Amino acid sequence: MDKLMITTTNELEGYRVTRQLGVVRGLTVRSRSVLGNLGASLQTILGGNITLYSELAEKARQEAFDLMGQHALEHGANAILAMRYDANEITDGVTEVLAYGTAVVVEPR
């Protein structure tokens with residue numbers, strides 16, 4: 001993924017799109033273990049950042065991001081434009097995280 005350029009904007013400065021390959025995505029579904037939920041519950045008593053949940057959210061986003069990048073590379077892309085995240089709770093303690101964007105081939109102007 002080192003050669004894959006990813007941006008939340010609709011274009012890459014200094015590059016032009018030569019081909020649009022369609023939407024690519026990466027999806028992961030995560031939950032915290034019973035012990036993790038217990039630890040997070042204890043953190044809520046003290047207030048502030050619930051680090052156990054923050055770490056879980058960051059890992060889920062990174063996994064979805066990586067999967068999206070792999071999907072783009074499989075389609076022959078060298079860039080992803082308009083990248084976004086979406087997250088939904090499927091059930092108590094189970095969350096899906098989706099990373100998506102438009103896979104394209106770009107070349108320098």
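1. Glu-63 is partly exposed at 31% relative accessibility, where buried means under 20% relative accessible area, exposed over 50% and partly exposed in between, with a 1.4 Å probe and protein chains only. Glu-63 forms a salt bridge with Arg-30, with the closest N and O atoms 2.5 Å apart; the term denotes a side-chain nitrogen of Lys or Arg within 4 Å of a carboxyl oxygen of Asp or Glu. Because Arg-30 belongs to strand β2 and Glu-63 to helix α2, the pair ties together parts that are 33 residues apart in sequence. Arg-30 is likewise partly exposed, its relative accessible area being 26%.

2. The model is predicted, with local features needing pLDDT of at least 70 and side-chain atom pairs counting only at pLDDT 80 or more, while totals for chains, interfaces and linings use all residues. Residues are numbered from 1 along each chain as its sequence is written, and side-chain values use heavy atoms, with hydrogens and water left out.

3. A search of the whole structure finds two salt bridges. Besides the pair already described, Glu-107 forms a salt bridge with Arg-16, and here the closest N and O atoms are 2.7 Å apart. This pair links distant parts of the chain, since Glu-107 is in strand β4 and Arg-16 in strand β2, 91 residues apart. Glu-107 counts as partly exposed at 32% relative accessibility, and Arg-16 is partly exposed with a relative accessible area of 40%.

4. The protein chain has two helices and four strands, which follow the pattern β-β-α-α-β-β along the sequence; these elements are DSSP runs numbered from the N terminus, helices being H or I with at least four residues and strands E with at least two. The four strands form an open sheet of mixed pairing in the order β1-β3-β4-β2, where two strands pair if DSSP finds at least two bridges between them. Strands β1 (5-6) and β2 stand at the edges with a single partner strand each, so one side of each is left without a neighbour in the sheet.

5. Strands β2 and β4 pair in the antiparallel sense over 15 bridges, and Gly-26 stands opposite Ala-99 in β4. Ten bridges join β3 (residues 79-91) to β4 (residues 94-108), again running antiparallel, with Leu-81 opposite Thr-102 in β4 and Ala-87 opposite Val-97 in β4. The two strands β3 and β4 form a hairpin with two residues between them, and Gly-93 in the turn has a positive phi of about 80 degrees.

6. Which residues does His-71 contact, leaving aside its neighbours within four places in sequence? They are Val-23, Val-24 and Arg-25, contact meaning heavy atoms within 4.5 Å. His-71 lies in helix α2 and is buried, with a relative accessible area of 16%.

7. Leu-27, Val-29 and Ile-90 form a nonpolar patch on the surface, with about 270 Å² of accessible area together. Patches are made of residues with over 30% relative accessible area and no salt bridge, like charges being joined within 9 Å and nonpolar side chains (Val, Leu, Ile, Met, Phe, Trp, Tyr) within 5 Å; accessible areas come from the Shrake-Rupley method with a 1.4 Å probe, and for residues only the protein chains shown count as cover. Val-29 lies in strand β2 (residues 15-31) and is partly exposed, with a relative accessible area of 44%.
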